Amino acid sequence: MSDKNTILERLSRRDAQRLEKLQKAHKAREEVDACDENEDYFSGAFKIKSEYIEDLLSQVPTTETNVLPSHFDNIKREVNELQKHVVTSSFFLKEFNMRKYLGIVQNLQTTCYELEDRYVPRKKFGFSKKKLPKSHNQKQGSLDESDGAGKIDSNKWDEKLFGFDSQENKVLLLENDELFQRDVALRNLKNCTIGLKGIMGTLHLTNLENCVILSGPVTSSVFVDKCTNCKIVTACQQLRMHTSTNCDIYLHVTSKGIVEDCSGVYTAPYNLYYQDLEKHFNMSSLDRNANNWDKLDDFNWLAPDVPSPNWSVLDQSQRITNWDAWWSKIPS
């Protein structure tokens, strides 16, 4: 009897194991089917949304000039929402498809900025007369609206911008949960290190002196104006630099950067590292294989066969190769 019981127990265990395997396989198939259904639904929704944005872009040439700024603002909102939709769907999207969708978003974003540059020429870094919103964990320096009354101040904050203003001898840090796809601005900073560990829509650097900026990826443009003796580490789609001197830029830029009214600008390849940088690069949709860090266009230098004297490549012996110590360091 004992042998018979042993055999029955063994068969019972085997049946139980077989049933468990079948249940796991069935569950796995259901999960795959659910992911496929999610991807199919996502693909259809993405197609409708991207075609809607393409239609908005196609309307630009025939839209009245006074309406264009709000029209472009609407397009940018739609593109940012579409990008967020892709990123938040990453838990079921296959990596290849996620890259494909982010690439489409980047193309829409690039087209938007190219059309805006063509049809709505911008003043140099013009800001509205509204103050910079405060960061969640850092009080912003106030702007004195009474100073220079009657004068035109082109550096007043746009209400959409977010960042730091009027600080000295500080280490300042913002993480991705605060930065994600926002228009970030740093203004009137002296002897500061600013860490930006996240993905930004745009980055504006204005009136900085002897500062170090350690920036994660920027999905569109970095604007630099009136900066002196700064070290800037950034990755972006476009770089526009005006009236700045003696700045080292460790750069990843997918299109040609532009300098104007600048001198003593030195470039090196982007070499920043922090824990989530690779993930942020993938989410930003910047092309890691396209980097024009050593191909700036100088609008003050038109001789095609003679290098501009206003910028050059930073000698390797003078480059900073590791920024780890700089995250908590006040520049001297």
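Reader: What makes strand 2 (residues 171-175) and strand 4 (residues 193-197) a pair of strands, and do they run parallel or antiparallel?

Author: In this predicted model, five bridges join strand 2 to strand 4, and the two run parallel. One point of reference along the pairing is Val171, which stands opposite Thr193 in strand 4.

Reader: Which residues of strand 2 lie on its covered face, and which on its uncovered one?

Author: Leu172 and Leu174 form the covered face of strand 2, whereas Val171, Leu173 and Glu175 form the uncovered one. In a regular strand the side chains alternate between the two faces of the sheet.

Reader: Why is strand 9 (residues 238-242) called largely enclosed?

Author: Four of the five residues of strand 9 are buried, so the strand is described as largely enclosed by the rest of the structure. As for its partners, five bridges join strand 7 (residues 221-225) to strand 9 in parallel, with Ser221 bridged to Gln238, and three bridges join strand 9 to strand 11, also in parallel, with Arg240 bridged to Ile258. Against the requirement of at least two bridges, both the five to strand 7 and the three to strand 11 qualify as pairings.

Reader: What makes the approach of the Thr254 side chain to the backbone oxygen of Gln237 a polar contact?

Author: A polar atom of the Thr254 side chain lies 3.4 Å from that backbone oxygen, and the cut-off for such a pair is 3.5 Å, so the separation falls within the limit.

Reader: How do you know whether Leu251 and Val212 are buried or exposed?

Author: Leu251, in strand 10 (residues 245-253), has a relative accessible area of 0% and is buried, while Val212, in strand 6 (residues 212-217), counts as buried at 3%; both values are under the 20% limit. Among the contacts of Leu251 beyond its neighbours in sequence are Cys236, Tyr270 and Trp293, and the C-alpha atoms of Leu251 and Trp293 are 5.2 Å apart although 42 residues separate them in sequence. For Val212, such contacts include Ile194, Trp323 and Trp326, and its C-alpha lies 5.9 Å from that of Ile232, 20 residues away along the chain.

Reader: Why can the buried residues of helix 5 be said to line one face?

Author: The buried residues of helix 5 (residues 277-284) are Leu277, His280, Phe281, Met283 and Ser284. Seen down the helix axis, they fall within an arc of 165 degrees, so they line one face. Just after the helix, Ser285 takes a positive phi of about 70 degrees.

Reader: What is the confidence in the chain, and where is pLDDT under 50?

Author: The mean pLDDT of the chain is 79, with 76% of its residues reaching 70 or more. Over residues 28-36 the pLDDT is below 50, and this stretch has two contacts beyond near neighbours in sequence. Residues 123-158 also stay under 50, yet the model has 86 contacts for them beyond four places in sequence.

Methods. Residues are numbered from 1 along each chain as its sequence is written. This is a predicted model: local features need pLDDT of at least 70, side-chain atom pairs count only at pLDDT 80 or more; totals for chains, interfaces and linings use all residues. Side-chain values use heavy atoms; hydrogens and water are left out. pLDDT is the predictor's confidence in each residue, from 0 to 100. Contact means heavy atoms within 4.5 Å. Buried means under 20% relative accessible area, exposed over 50%, partly exposed in between (1.4 Å probe, protein chains only). The arc is that of the directions from the helix axis to the C-beta atoms. A polar contact is a pair of N or O atoms within 3.5 Å; within protein, one must be able to donate a hydrogen and the other to accept it, and residues adjacent in sequence count only if both atoms are side-chain atoms.
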